[in-house]
Amino acid sequence: MFTSRPIGFVNSPYKSTGDIPKGLGAKHEADGVLAILPEFEAGLTDIEGFSHLIVIWEFDRAHGFELLGTPPSDNRAHGVFATRSPRRPNPIGLTIVELRRREGVELHVRGVDMLDGTPILDIKPLLSIIPEEKLRRGWLAEAEARKPGD
Ligand SMILES: C[S@@+](CC[C@H](N)C(=O)[O-])C[C@H]1O[C@@H](n2cnc3c(N)ncnc32)[C@H](O)[C@@H]1O
């Protein structure tokens, strides 16, 4: 067991869940800001080299969980671990966002689907999934290029 703590909070245009696009074909293209707490600023060093980030966050306004639920994109129930439902045993959300720019402790991103004020638990660079021609792998690509013997 461990106790999580926020490393920052999301500034999002979405003030209530009804504002967030849902269901089949829903697109998440909203701009937002990941406002990181000053004590964690050094942890952002070199993040600018990455085009996309994985944001791990807390569904802080979800209540309880259900193991079977009907998502907005279907009329049949599915197991919680086969969906992205907010009502999960551990209320952890994961969103891939595009990093537009960094301003100090503020990461300006596109693609938020979280409510305003959502606590951020972690951020990691996206290293795959995105088509190769669009993906920048920042310092990792440079380190790979420097690897002795290659
Ligand atoms: C289907 S979940 C997917 C979230 C994330 N992309 C994931 O896969 O974990 C997105 C929905 O979670 C809800 N939501 C967003 N932020 C939330 C928060 N802080 N607390 C509770 N529910 C939230 C909204 O209803 C939103 O439409």
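Phe 65 is partly exposed, at a relative accessible area of 45%. The model is predicted. In it, Phe 65 belongs to the loop between strand S3 (52-58) and strand S4 (68-69), and a search of the whole structure finds 9 salt bridges.

**Nonpolar surface**
- Phe 65, Leu 67 and Phe 81 make a nonpolar surface patch of about 370 Å².

**Lys 15 and Asp 116**
- A salt bridge joins the side chains of Lys 15 and Asp 116, at 3.3 Å from N to O.
- Lys 15 sits in the loop between strand S1 (8-11) and strand S2 (30-36), and Asp 116 in the loop between strand S7 (106-112) and strand S8 (119-125), so the pair ties together parts 101 residues apart in sequence.
- Lys 15 is exposed, with a relative accessible area of 57%, while Asp 116 is partly exposed at 27%.

**Glu 48 and Arg 102**
- Glu 48 and Arg 102 form a salt bridge whose closest N and O atoms are 3.2 Å apart.
- Glu 48 is in the loop between S2 and S3 and Arg 102 in strand S6 (residues 92-103), so that distant parts of the chain, 54 residues apart, are linked.
- Both residues count as partly exposed: Glu 48 has 41% relative accessibility and Arg 102 has 24%.
- Glu 41, Glu 48 and Arg 102 are linked in a network of salt bridges.

**Glu 66 and Arg 87**
- The side chains of Glu 66 and Arg 87 meet in a salt bridge of 3.6 Å, N to O.
- Because Glu 66 lies in the loop between S3 and S4 and Arg 87 in the loop between strand S5 (78-79) and S6, the pair ties together parts 21 residues apart in sequence.
- Glu 66 is partly exposed at 34% relative accessible area, and Arg 87 is partly exposed at 32%.

Conventions
Residues are numbered from 1 along each chain as its sequence is written. This is a predicted model: local features need pLDDT of at least 70, side-chain atom pairs count only at pLDDT 80 or more; totals for chains, interfaces and linings use all residues. Side-chain values use heavy atoms; hydrogens and water are left out. Patches are made of residues with over 30% relative accessible area and no salt bridge: like charges are joined within 9 Å, nonpolar side chains (Val, Leu, Ile, Met, Phe, Trp, Tyr) within 5 Å. Accessible areas come from the Shrake-Rupley method with a 1.4 Å probe; for residues, only the protein chains shown count as cover. A salt bridge is a side-chain nitrogen of Lys or Arg within 4 Å of a carboxyl oxygen of Asp or Glu. Helices (H or I, at least four residues) and strands (E, at least two) are DSSP runs, numbered from the N terminus. Buried means under 20% relative accessible area, exposed over 50%, partly exposed in between (1.4 Å probe, protein chains only).
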